[in-house]
Amino acid sequence: MPRKVQLEITDQTGRLDKVLSEMMPDESRSQLKLAIDEKRVLVNSQVEKPKYHVQPGDQIEVTIPDPVKLDLEPENIPLDIVYEDDDVIVVNKPSGMVVHPSPGHPDHTLVNALLYHSPLSTINGTYRPGIVHRIDKDTSGLLMVAKNDNAHRSLAAQLKNKTNLREYIALVHGVIKQDTGVIDAPIGRSPKDRKRQAIVADGRHAVTHYQVLERYLNYTLISCWLETGRTHQIRVHMKSIGHPLAGDPLYGPRKTIAGSGQFLHAKKLGFRHPVTGKQLVFDAPLPADFQKVINRLREQTPGLK
């Protein structure tokens, strides 16, 4: 039976989709955007677009349909588990593996493998049990996974409050001159291509810090820290300053380094344990193919040992 959520706007202002995301944290932003598109969101009994500017006094009704049952099949797929206890799992995801199922991709994902290994939290619903945050299919590296709902709430709150650590290693085109930098630019869906994200004026706040690790003839190896976790954030931000990721099929140039996708690795992950409160930090070495490319670039760069 579909349920209806009644919301009264008091002092909240801004775009309808953003305000709903803030007021309904248990629903994903994509689900709320779909609800608006499907006219299941009424503002003062009227259908409005996502960009409608919410005002104090507005009465909002959101109809949440029954979840679509997706029969996820646990699969005995090997996992590189870095840490595990009764509450959390930290897994080192290989490049090429999708994190969670979708209607068009119901199997062979990280979630299928995790379900075979352990019970998972239910907060993220049918498609994403246990998944607190994601990385792209062709990005490798560390992910934290919740085994129960209490752990999920704690880990999700740390992401929202920006108290966790997420450090990435990326190989980008061109030689970055400055040693460090900060990219503060809003990210949203590209108005020209729905498969891409872009820097857009009404996008979501996004901040990426980066530091140069090594410079090669035509490439730079960098470390990135995320303040926010927007879709394709590092890929979009680095492209926006003229240094797209090597191997990136969506945002990079055609002439690039051959590989299984963008050269991006979630190397370091830190968070406070949801039960003990102990600060945990994990580190995953670069995948062999990534390291092989780095070694080759070092050999080709004069004066770099």
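The model is predicted, so local features need pLDDT of at least 70 and side-chain atom pairs count only at pLDDT 80 or more, while totals for chains, interfaces and linings use all residues. Residues are numbered from 1 along each chain as its sequence is written, and side-chain values use heavy atoms, with hydrogens and water left out.

**Aromatic rings**

- The structure holds three aromatic pairs, where rings of Phe, Tyr and Trp (its six-membered ring) pair if their centres lie within 6.5 Å, with planes under 30 degrees apart counted as stacked, over 60 as edge-to-face and the rest as tilted.
- Tyr83 and Phe282 form a tilted pair, at 5.3 Å centre to centre and 40° between the planes.
- Because Tyr83 lies in strand β7 (residues 81-84) and Phe282 in strand β17 (residues 279-283), this pair ties together parts that are 199 residues apart in sequence; helices (H or I, at least four residues) and strands (E, at least two) are DSSP runs, numbered from the N terminus.
- Tyr83 counts as partly exposed at 24% relative accessibility, whereas Phe282 is buried at 11%; buried means under 20% relative accessible area, exposed over 50%, and partly exposed in between (1.4 Å probe, protein chains only).
- The rings of Phe271 and Phe282 are also tilted, with centres 6.0 Å apart and planes at 40°.
- Phe271 lies in strand β16 (residues 264-272) and Phe282 in strand β17, so their pair ties together parts that are eleven residues apart in sequence.
- Phe271 is buried, with a relative accessible area of 0%, and ring pairs link Tyr83, Phe271 and Phe282 into a cluster.

**Helix α3**

- In helix α3 (residues 110-117), the buried residues include Leu110, Val111, Asn112, Ala113 and Leu114.
- Strands β8 (88-93) and β9 (140-146) are among the elements that cover the buried residues of α3, where contact means heavy atoms within 4.5 Å.

**The β1-β6-β3-β4 sheet**

- Four strands form an open sheet in the order β1-β6-β3-β4, with antiparallel pairing; two strands pair if DSSP finds at least two bridges between them.
- Strands β1 (3-8) and β4 (46-47) are the edge strands, each pairing on one side only.
- Strand β1 pairs with strand β6 (residues 59-64) in the antiparallel sense over six bridges, and Leu7 has Ile60 in β6 as its bridge partner.
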